[in-house]
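User: I would like a close look at one part of this model, with the cut-offs stated.
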Amino acid sequence: MSDICSQLTIKAATFHLPMWTEWGVRDVGHLVHSLGCTFLTAAGRDLGFAAVSEVPAPREGPLAHVEEDVRSDSVWFDRTTRRVALVAEFERYAGKQKDLRPKVETLLLAQQRWACEDAILLLAYWSVGFVTLPDHDSLRSIVRGGFSAMGGVRVPGNPKARLMFYQFVVRAGQDGLIRLENIIRRGEP
């Protein structure tokens with residue numbers, strides 16, 4: 001799994017999605033979100049995983065009724081064990097920590113529902129240019145300590161969970177289109 005860093009690169013993004021890195025795209029609707037989800041899934045496949053986008057977590061166990069639908073942006077399955085190896089979310093980030101908190105909670109809840117406490121959790125956030133970085137330790141503490149979901153149900157934390165962060169930096173060109181220009185690993189403990 002240490003190969004994640006080698007696969008989340010501009011070169012790999014250009015190979016899979018040249019419209020994002022070279023051609024340029026408009027910042028409309030969920031287009032960048034779709035590109036990010038597609039790229040994360042493609043990266044998983046490049047690394048040999050059976051990777052799927054927009055995957056609902058099973059509604060099983062004591063947390064089956066916490067939140068209606070827990071849908072992860074990308075889930076990587078190990079082909080040998082057939083277990084979830086990585087759960088990822090891709091989210092726009094404009095410098096407000098509160099925007100990322102629900103995504104971290106979704107990652108933890110998905111990990112609990114999949115019963116994959118060893119799976120890596122990956123939060124990829126994209127920003128237009130460089131913005132104030134989120135407090136990665138605070139976000140990591142949600143995963144380790146748990147949170148109270150709607151209805152007051154306590155989602156337990158996973159002290160052993162590994163939460164990785166990547167920032168995808170896009171820039172607007174003179175043509176009005178945005179292009180992915182950098183992918184940076186963030187928040188190393």
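This is a predicted model: local features need pLDDT of at least 70, side-chain atom pairs count only at pLDDT 80 or more; totals for chains, interfaces and linings use all residues.
Is Arg-92 buried, partly exposed or exposed, and at what relative accessibility?

Analyst: Residues are numbered from 1 along each chain as its sequence is written, and side-chain values use heavy atoms, with hydrogens and water left out.

Arg-92 has a relative accessibility of 39% and therefore counts as partly exposed (buried is under 20% relative accessible area, exposed over 50%, partly exposed in between, with a 1.4 Å probe and protein chains only). Arg-92 forms a salt bridge with Asp-27, and their closest N and O atoms are 2.8 Å apart. A salt bridge here is a side-chain nitrogen of Lys or Arg within 4 Å of a carboxyl oxygen of Asp or Glu. Asp-27 also counts as partly exposed, at 34%.

Helices (H or I, at least four residues) and strands (E, at least two) are DSSP runs, numbered from the N terminus.

The structure holds ten salt bridges. Among them, Glu-181 pairs with Arg-171 at 2.9 Å, N to O, joining strand S8 to strand S7 (residues 162-172) across ten residues. Glu-181 is partly exposed at 40%, and Arg-171 is partly exposed at 35%.
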